[in-house]
Amino acid sequence: MEKAADSASANVGDPCHPFKLLLSCPAGLSQSQVSVVFDEAYDRIPHPDTNLENSISEIWDQRFQKNKSLFNGHKFRYGGCFFLHGGGANQDSHVCLQLGLTDYRTFVGTNLNPLWEKFLVPSEDDSICCQHTSSPLGNGAIVETSDQKIIVLRRSSNVGEFPRSFVFPGGHPEPQEVGITSHQYVKDLTGSELINQKVSQEMFDSIIREVVEEIGVPAASLCSPVFIGLSRRELNVRPAAFFFIKCSLESKEIQQLYLSAQDGYESTQLYAVSMIDLENMTSNMPGCHQGGFALYKLMVEALKIT
């Protein structure tokens, strides 16, 4: 198999493609090749500017007054990653994600704060640059149908971020799915390695769950996801993990299933598009999803070489 990309910091954040690839694995990594270290060492560091730090509560209160349905749920915080090369074959390669704990309130008050750039630290090291931001780890799936189309959704006008934009199916891995409510909860358990394994499993389980809920296909129609990399948009420095998933259904079948998707309210239309059409749509995609498209292109090129 093609060896995963060496670079973990290829910056492609020009005006047309406002994102940064944090890690690229174009040949794809299976679940056994992706591990997690979940630790409070990767939590957000409070900003030393008291006024800026206090603005987190102010922004949240303003948003909550406008929308009482907001829920301050826990999220995994992206704190960094490291890439290990094996002896040669891609199956020996391994990625470890370093994750902490954050919540939606802090995300709204840092990454979505109008003053979000003030939370950044000037540094080439991404983990240092974003150490004061919530940076919850999102996820996205490049779903390929049996007739070789890629699934894209147009977001509804009611969502909090990037309404009416084109996106790939996705959302977030959820701490509550593995019973994590705090770091103290984890400390009270024996065997931190077991927690790390559960979080790693959630990375893969969650993307299947998101695809099923957002486009309506049965889980049995989806092949095991492969991890293709990490991207973050330059605007608001929001990170996301991307996966490639093959679906055994044709695009016409998926269009019908989408009509009764559980989370269909989050989007207004599903598109099954060719590679060329997808490239044309990327100008109306959020930066991290443009990064997902870039990762998919790298994967396609890797497959051509092999």
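This is a predicted model: local features need pLDDT of at least 70, side-chain atom pairs count only at pLDDT 80 or more; totals for chains, interfaces and linings use all residues.
Six bridges join β10 to β11, residues 239–246, and the two strands run antiparallel. Together β10 and β11 form a hairpin with five residues between them, and in the turn Asn236 has a positive phi of about 70 degrees.

A search of the whole structure finds one cavity of 30 Å³ or more, and about 80 Å³ of space lies in the largest cavity. Its lining includes Arg232, Val237 and Pro239, and also, among others, Arg77, Tyr78, Asp126, Ser127 and Cys130. Strand β4, residues 74–84, and helix α3, residues 126–129, each supply at least two residues of that lining, with β4 giving the most, namely four residues. By class, the lining of the largest cavity is made up of four nonpolar, four polar and three charged residues.

Finally, a word on Ser251, which has its place in helix α6, residues 251–258. Is Ser251 buried or exposed? With a relative accessible area of 10%, Ser251 is buried, because the cut-off for that label is under 20%. Leaving aside its neighbours within four places in sequence, Ser251 is in contact with Thr145, Asp147, Lys149 and Ala272.

Technical notes: Residues are numbered from 1 along each chain as its sequence is written. Side-chain values use heavy atoms; hydrogens and water are left out. Buried means under 20% relative accessible area, exposed over 50%, partly exposed in between (1.4 Å probe, protein chains only). Contact means heavy atoms within 4.5 Å. Two strands pair if DSSP finds at least two bridges between them. On a 1 Å grid over the protein atoms alone, a cavity is a set of points where a 1.4 Å probe fits but cannot get out, and a pocket is an open set with protein on both sides within 12 Å along at least five of seven lines; lining residues have an atom within 4 Å of a point. Grid points are joined across faces, edges and corners, and a volume is the space filled by probe spheres set on the points. Ala, Val, Leu, Ile, Met, Phe, Trp, Tyr, Cys and Pro count as nonpolar, Asp, Glu, Lys and Arg as charged, and the others, Gly among them, as polar.
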